[in-house]
Amino acid sequence: MIFRQLFERESCTFSYLIGCDVTRKAVLIDTVKSEVDSYLSLLNALGLTLIYVLDTHTHADHITGSGKLRDATGAQTLLGEEAHSACVSQDLHHGDELAIGELTLTALHTPGHTDDSYSFILRNNQTTYAFTGDTLLIGSTGRTDFQNGSAVEQYHSIHNHLLNLPEDTLMYPAHDYNGRTVSTIGEEVANNPRLQVKDAAAYTELMNNLDLPNPKLMDMAIPANRACGEN
Ligand SMILES: [Fe+2]
């Protein structure tokens with residue numbers, strides 16, 4: 001397996017390149033439009049053919065590179081069915097399995113940050129990888145106060161799906177604002193302050209009192225991302 005974690009500084013977004021080293025097929029998760037040329041150079045340097053471009057959800061803080069990458073490579077763009085995006089090649093549904101050559105990525109619907117939030121799970125040899133989008137962040141969770149967010153749904157998404165993964169699952173989020181790059185499910189269970197609540201009601205109380213400002217790009221990013229970053 002070929003794996004690269006990429007970082008866009010302005011929005012502190014992580015993008016992920018996963019490739020099959022046998023078939024040279026690859027997927028990109030959570031791309032940023034301004035970085036598309038660097039993704040294309042990397043794919044070229046590694047001899048990979050991009051077949052899927054996934055977004056974990058409709059982002060409010062950056063513009064996706066999915067449309068530009070699809071036009072450049074012919075890859076399929078995928079986003080959760082709840083996004084009702086007319087431009088995607090295919091909708092994602094809970095439990096969908098995407099083949100990337102000999103690798104399989106499983107999509108889990110993990111709503112709460114947005115109603116169209118998905119996490120992607122990959123098992124390779126003895127290692128499990130979880131790409132958790134903004135559902136579960138390192139030492140935090142994604143806000144739930146806009147884009148049909150729901151603290152109750154997020155609590156259940158995290159506790160019923162993500163925390164059921166093996167403790168040593170490598171957890172890769174869509175963002176980190178403090179320089180961290182990876183965690184494990186076990187570390188998050190032990191240390192993430194948002195997971196130290198007794199039930200969904202206590203979690204909702206915590207999330208309802210965060211009092212966060214809106215993301216800078218929100219008004220233009222959400223409509224643009226429903227159009228694969230191309231309006
Ligand atoms: Fe987000």
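Please note that the model is predicted: local features need pLDDT of at least 70, side-chain atom pairs count only at pLDDT 80 or more, and totals for chains, interfaces and linings use all residues. Residues are numbered from 1 along each chain as its sequence is written, and side-chain values use heavy atoms, with hydrogens and water left out.

I begin with the iron ion. Which protein donors does the iron ion have? They are His57 (NE2), His113 (NE2) and Asp134 (OD), lying 2.1 to 2.4 Å from the ion. Donors here are N, O and S atoms within 2.8 Å of the metal (3.2 Å for Na, K and Ca); water is not among the atoms, so sites may look incomplete. Along the chain, the donors follow the spacing H-x55-H-x20-D. Histidine 113 has a relative accessible area of 6% and is buried; aspartate 134, at 7%, also counts as buried. Buried means under 20% relative accessible area, exposed over 50%, and partly exposed in between (1.4 Å probe, protein chains only).

Is cysteine 20 buried or exposed? At 2% relative accessibility, cysteine 20 counts as buried. Leaving aside neighbours within four places in sequence, cysteine 20 is in contact (heavy atoms within 4.5 Å) with residues including Ile2, Leu48 and Ile100. The C-alpha atoms of cysteine 20 and asparagine 164 are separated by 26 Å, and these residues are 144 apart along the chain.
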